[in-house]
Amino acid sequence: MPIVELILPRMGESVVEATVINWLKKEGERVEEDETVVEVATDKVDTEVPSPYAGTLIKILQDVDSVVSVGGVLAQIETDGPVKQLSGLGGESQVKEPTPKNVPSQKAHEEPTQDDEDGVKDIKSSDEEASKAITTAEKPSYPSFEVQKEDTKPVITDERYYSPLVRNIARTENISTEELKSIVGTGGSGRVTKDDIIKYLATRKQPVPLQAHRLDVPLKTQSTADPSGPKSAGATGTIHDAGAEILKMDRMRRTIADHMILSQQISAHVTSVVEADVTNMVRWRNQNKEDFERKYRTKLTFTPLFIECVQKAIHDFPKINSSVVGDDIHIKTEIHMGLATALDNGNLIVPVIKNSDELSLLGLAKKVNELSDRARSSRLSPDEVSGGTFTISNIGTFGNLIGTPIINQPQVAVLALGAIQKRPVVLETKGSDTIAIRHMMFLSLSFDHRIIDGFYGGSFLKRIGEYIENFDPNKKI
């Protein structure tokens, strides 16, 4: 029977590799068409890879914790019968002639590919340099180390295999080569797995020196407890020490931490704040939200209303919707709106509405609600959390008034929306001023001062406030 290669598919324009985190099928087991075979994790989201055909999983080519490039072969499946030709990543067929089961495919070690950016005005650009820079900038997993091509391939060191993930953890924690060789590996052929090195770090007696003078290496939180090591460690990864409870960061929290530090290192952050009167918008929504939900079967929140105002301002100030690549400024001609979403476990994810300025209010409302629900139930696809060109963070949902958000790289600006509160405000009227109770909110814009000056960034923020204050109270739903 024909043998089909299960490949790692494209998962978003900025995703070039993924880490295998769990095989749901074993060699020799049957798989059905579209049944999930393996779970993988990118630097943004976890996702599943289904089988394109029904058959038998005859060979797993990538171990758990292995880093696989997009287009790399994950496994081989022997199909039940003749199959049609499927176009692979570069147009190659996924259907192969039967081969000995102990011969792995070479495609698992192909170099990652990077698509050209679509919809970009290139100012003094070089496609090759831009692609390289974007790939580097958007890889938040251990960003303190330069991403080298060989890091996407298996590496044999001292006759033992060390995955890129294990080697990056070792470098982050200042584990020397000799120390790494002393760690007992529980993987195949004595391979050191991620769990092996994490367990070793939990009981490590050697103090870890701080790298205080290296700006390219994010400082890790250091325990001030007795250097002789923790007192006890449970199966959950919680370590109890004298006067402290140390919780191991999960993979998403480590990614967020690395991404935030990377952004602070890359961009010259400046934050401006304006106050806006949202009374017209609040009254309109209160009057129409029930009819809107009854008519369209989706909730009308403030978020799509704010998105409309932000998009109008972006069209007025297009450089806000850009990225920096080397000495070049790439001004995007499409608006892909990112929405920072807090998860129940305290982590943060940013789903993206692609071409959001092409959607109606109804389209925006449905998309906002859909992505929010999918984010909180961990059902987002990698493509839904990549490619954003501008980000909105609604900190008002936490009751916060003003924030100084960190830019979501490689973007150059992020907007924080504060809580809406009733306050007494002086209104200018003909003849005299009056004090009235109005719905007010603060808008905070963090922007990259490398390319966005204070006048431009401040004017953009003020324009958003003007669109909000001039909201049409007679707007039809």
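A residue is called buried at under 20% relative accessible area, exposed at over 50%, and partly exposed in between, with a 1.4 Å probe and protein chains only. The structure is a predicted model, in which local features need pLDDT of at least 70 and side-chain atom pairs count only at pLDDT 80 or more, while totals for chains, interfaces and linings use all residues. Residues are numbered from 1 along each chain as its sequence is written, and side-chain values use heavy atoms, with hydrogens and water left out.

Two residues other than glycine have positive phi values. Asp 34 has a phi near 70° and lies in the loop between β3 (30-31) and β4 (36-41); helices (H or I, at least four residues) and strands (E, at least two) are DSSP runs, numbered from the N terminus. With a relative accessibility of 57%, Asp 34 is exposed. Arg 297, which is not a glycine either, has a phi of about 60°. Arg 297 belongs to the loop between α6 and α7 and is exposed, at 80% relative accessible area. A cis peptide bond, with omega near 5°, runs from Gln 409 to Pro 410. Pro 410 is part of the loop between β22 and β23.

The interior was described through nonpolar cores, a core being a set of buried Ala, Val, Leu, Ile, Met, Phe, Trp, Tyr and Cys residues joined through side-chain atoms within 4.5 Å. The largest nonpolar core has 50 residues, of which Met 337, Phe 390, Leu 415, Leu 443, Phe 460 and Ile 468 touch the most other members. At least two residues of this core come from each of α6 (279-296), α7 (302-316), β19 (337-342), α8 (361-376), β22 (390-393), β23 (413-417), β25 (433-448) and α9 (454-469). The largest share, 8 residues, is supplied by α7.

A pair of aromatic rings is described by the distance of the centres and the angle of the planes. Rings of Phe, Tyr and Trp (its six-membered ring) pair if their centres lie within 6.5 Å; planes under 30 degrees apart count as stacked, over 60 as edge-to-face and the rest as tilted. The structure holds 6 such pairs. One of them, between Phe 317 and Phe 460, is edge-to-face, with 6.2 Å from centre to centre and 75° between the planes. This pair links distant parts of the chain, as Phe 317 lies in the loop between α7 and β17 (322-325) and Phe 460 in helix α9, 143 residues apart. Phe 317 is buried at 11% relative accessible area, and Phe 460 is buried at 0%. Phe 317 and Phe 460 also belong to one aromatic cluster with Phe 390 and Tyr 456.

A charge sits over a ring if NZ of Lys or CZ of Arg is within 6 Å of the ring centre and within 35 degrees of the ring normal. The ring of Tyr 456 has the charged end of Lys 319 over it, 5.3 Å from its centre. Arg 285 lies over the face of Phe 302, at 4.6 Å from the ring centre.

Side chains of opposite charge can pair when their charged atoms come close. With a salt bridge taken as a side-chain nitrogen of Lys or Arg within 4 Å of a carboxyl oxygen of Asp or Glu, the count is 13. In one of these, the closest N and O atoms of Arg 423 and Glu 275 are 2.1 Å apart. Glu 275 is partly exposed, at 37% relative accessible area. Asp 277 and Arg 438 form another salt bridge, at 2.8 Å from N to O. Because Asp 277 is in strand β16 and Arg 438 in strand β25, the pair ties together parts that are 161 residues apart in sequence. Both Asp 277 and Arg 438 are buried.

Strand β16 also contains Ala 276, which is buried at 0% relative accessibility. Ala 276 and Tyr 467 are 191 residues apart in sequence and 9.4 Å apart in space, C-alpha to C-alpha.
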